[in-house]
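Biologist: I would like to learn how to read a structure like this one, feature by feature. Could you walk me through it?

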Amino acid sequence: MAFDFVSLIPIVILVIIVILVLVFIGIFNGLIVRRNRVNNSWSQIDVQLKKRFDLVPNLVETVKGYAKHEREVFEKVTQARAQTANAQGMKDKAAAENFLTGALKTLFAVAEAYPQLKANENFKLLQEQLDGIESKIAYARQFYNDSVLNYNNSIQTFPSRIIAGWFSFISRDYFEIEEK
């Protein structure tokens with residue numbers, strides 16, 4: 001009884017097709033998971049940015065009570081807050097957040113000149129809340145940027161690059177804050 005290799009060809013082809021389909025599914029699902037992780041990590045940043053956004057008016061009003069003649073600073077903070085509310089896309093959002101961070105630093109620099117303000121319990125509480133939010137934003141931004149790196153690497157490397165191209169997976173921008 002001779003072994004017939006010709007009869008094995010359809011089975012080998014079927015096994016190869018099944019393996020290729022499973023690899024395709026694995027790569028596609030991996031891309032989806034990475035993209036969802038990027039979206040989720042951006043949502044975490046957005047939550048913290050909204051908390052900071054909501055805290056700014058209280059902070060401005062508290063400082064206004066002590067530093068009435070610092071109108072330019074208050075206008076800058078208000079303008080920066082409005083800019084963050086209207087920002088669209090990652091680059092605009094990062095630029096707006098940089099502007100708001102700079103305006104808040106100016107506001108705190110003004111507060112340094114008013115000892116009664118620095119001693120005000122409400123101001124201290126707001127400052128502590130803002131510091132906590134800033135730390136959470138920094139952590140969330142780091143996680144987001146790590147997720148973007150992982151996602152971008154996966155859509156730019158072979159063989160997932162082919163599947164990413166077929167299904168229009170696009171690279172994402174990092175959320176970068178200017179260090180001042």
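Modeller: Gladly! Let's start with Arg 52, which lies in helix α1. Keep in mind that this is a predicted model.

Biologist: Is Arg 52 buried or exposed?

Modeller: The cut-off for buried is under 20% relative accessible area. Arg 52 has 2% relative accessibility, so this residue counts as buried.

Biologist: Which residues is Arg 52 in contact with, leaving aside neighbours within four places in sequence?

Modeller: Its contacts are Glu 97, Leu 100, Thr 101, Leu 104, Leu 130, Ile 133, Glu 134 and Ile 137.

Biologist: Now to helix pairs. How does one describe the packing of two helices?

Modeller: Two packed helices are described by the angle between their axes and the distance between the axes. Here, helix α1 (residues 9-64) packs with helix α2 (residues 71-86) at an angle of about 170°, and their axes are 11 Å apart. An angle over 145 degrees counts as roughly antiparallel, and α1 and α2 are therefore roughly antiparallel to each other.

Biologist: Which residues of α1 and α2 meet?

Modeller: From α1 come Phe 53, Asp 54, Val 56, Pro 57, Val 60, Val 63 and Lys 64, and they meet Phe 74, Val 77, Arg 81, Thr 84 and Ala 85 of α2. Sorted by class, this contact has eight nonpolar, one polar and three charged residues.

Biologist: And the spacing of residues along a helix?

Modeller: An α-helix has 3.6 residues a turn, so residues three or four places apart point the same way.

Biologist: How many residues does α1 have, and where does α1 bend?

Modeller: α1 has 56 residues and reaches 83 Å from its first C-alpha to its last, close to the 82 Å expected at 1.5 Å a residue. The bend is about 25° at Leu 55, with a proline, Pro 57, following within four residues.

Biologist: What about Gly 30 and Asn 145?

Modeller: Gly 30 lies in α1 and, at 16% relative accessibility, counts as buried. Asn 145 belongs to helix α5 (residues 121-156); its relative accessibility is 15%, so Asn 145 counts as buried. Not counting residues up to four places away in sequence, Asn 145 touches Tyr 174 and Phe 175.

Biologist: Let's finish with the backbone. Which peptide bond is cis?

Modeller: The one from Phe 158 to Pro 159, with omega near 0°. Pro 159 sits in the loop between α5 and α6 (160-166). Look at Ser 168 as well, in the segment after α6: its phi is positive, about 55°, although Ser 168 is not a glycine. Ser 168 is exposed, with a relative accessible area of 59%.

Key. Residues are numbered from 1 along each chain as its sequence is written. This is a predicted model: local features need pLDDT of at least 70, side-chain atom pairs count only at pLDDT 80 or more; totals for chains, interfaces and linings use all residues. Side-chain values use heavy atoms; hydrogens and water are left out. Axes are lines fitted to C-alpha atoms, for helices over the stretch in contact, and angles run from 0 to 180 degrees between N-to-C directions. Helices (H or I, at least four residues) and strands (E, at least two) are DSSP runs, numbered from the N terminus. Angles under 35 degrees count as roughly parallel, over 145 as roughly antiparallel, 65 to 115 as roughly perpendicular and the rest as oblique. Contact means heavy atoms within 4.5 Å. Ala, Val, Leu, Ile, Met, Phe, Trp, Tyr, Cys and Pro count as nonpolar, Asp, Glu, Lys and Arg as charged, and the others, Gly among them, as polar. The expected span of a helix is 1.5 Å times one less than its number of residues. The bend at a residue is the angle between axes fitted to the seven residues ending there and the seven starting there. Buried means under 20% relative accessible area, exposed over 50%, partly exposed in between (1.4 Å probe, protein chains only).
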